[in-house]
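Hi,

Here is the structure I promised to send over. Have a look at it first, and then read on for what I found in it.

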Amino acid sequence: MESQQLTLGGLVEALDAVPGDAHLYVSAFGSANRLNGLFRHRPFADGLALVPSLREHDGSATVGAYVEYLRRVAFGVAYRFTDGRADEFLTGWDTPVWVSTRHQLSFNAVTGVEMVKGFAVIRTTNVAPVQGPSIQRISDEEAINRMRVEHLQRTGEDTVFAPAVERQLLRFVIKDRSDLLHRLDEAREDLASFEKSLQAKKDLVTKLEQEAVRNDYLLGIRDDLPGNTLERQEHAR
């Protein structure tokens, strides 16, 4: 059964359910198994990341201290960045929680808290998208090279990430492609609906213009009816 990612509120509830004096650790980060600070998680605009560290934050040595720290500083914080555009979100009870080194790509979702030999452990699950066998038609090396070239052409920056980060970025492209195609279908439907609505508005304007001309003709404000044929004018006499 796939583990469900915890939100900020869910993490607080999970921590409240274990002894408050238990020492707190985070799994899957080797010797960097303590926690030190928070930051807005990237590339997920609405996520909050816990930072693994060799040394704990002043308020993260025990479960009780860390819960108090989260309640004090994690809720209601506005995060704003500019990546060609401004984006902003306010943390709250439903904000998804990740574990990541600061400003680095991570797919390590927080999925639970459990007691292990007297210690409280925050569990994480790597939810990086898996490469589909029929989607990617070239090698990882060639795909990563294309990512670098595309990034250089688009931004003018020749950026090279660590190999592990590049592979994570590549896997994210698979998920991003699926999300983009879904959004593209929705955009096309919206455009078709807008065009239909626009035509209906154009037809209404034409009808109202014709009625306005008719009223002006009947009141003698104008002596002609645009669009009238000679035959109709003679018949009107």
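Start with strand β3 in this predicted model: Gly47, Ala49, Val51 and Ser53 point one way from the strand, Leu48, Leu50 and Pro52 point the other way, and all are buried. That is 7 of 7 residues in β3. Buried here means under 20% relative accessible area, with exposed over 50% and partly exposed in between, using a 1.4 Å probe and protein chains only. Helices (H or I, at least four residues) and strands (E, at least two) are DSSP runs, numbered from the N terminus.

β3 pairs with β6 in the parallel sense, over 3 bridges; a pair of strands needs at least two DSSP bridges between them. Leu48 has Val97 as its bridge partner in β6.

Two housekeeping points. Residues are numbered from 1 along each chain as its sequence is written, and side-chain values use heavy atoms, with hydrogens and water left out. As the model is predicted, local features need pLDDT of at least 70 and side-chain atom pairs count only at pLDDT 80 or more, while totals for chains, interfaces and linings use all residues.

Now the core. The largest nonpolar core has 26 residues, and those with the most contacts inside it are Leu11, Leu15, Leu50, Tyr66, Leu70 and Ile122. At least two residues of this core come from each of α1 (8–16), β1 (24–26), β2 (34–41), β3 (47–53), α2 (63–73), β6 (97–99), β7 (108–116) and β8 (119–126). By nonpolar core I mean a set of buried Ala, Val, Leu, Ile, Met, Phe, Trp, Tyr and Cys residues joined through side-chain atoms within 4.5 Å.

Helix α1 is mostly covered too, with 7 of its 9 residues buried: Leu8, Gly9, Gly10, Leu11, Val12, Ala14 and Leu15. The cover over them includes β1, β3, α2, β6, β7 and β8.

Beyond four places in sequence, Arg34 is in contact (heavy atoms within 4.5 Å) with residues including Leu24, Val51 and Glu56.

His23 sits in the loop between α1 and β1 and is partly exposed, at 39%. The side chain of His23 reaches the backbone oxygen of Ala61 at 3.5 Å. His23 and Val121 are 98 residues apart in sequence but 8.5 Å apart in space, C-alpha to C-alpha.

Ala28 is between β1 and β2 and Lys117 between β7 and β8. Ala28 counts as exposed at 63%, as does Lys117 at 80%.

Last, confidence. pLDDT is the predictor's confidence in each residue, from 0 to 100. The mean for the protein is 81, and 81% of its residues reach 70 or more. Confidence is highest in α1, at 95, and lowest in helix α5 (residues 230–236), at a mean of 52. Over residues 82–86 pLDDT stays under 50. Where pLDDT is low, the predicted coordinates should not be read in detail.

Cheers

Note on methods. Polar contact = N/O pair within 3.5 Å; in protein donor to acceptor, adjacent residues only side chain to side chain.
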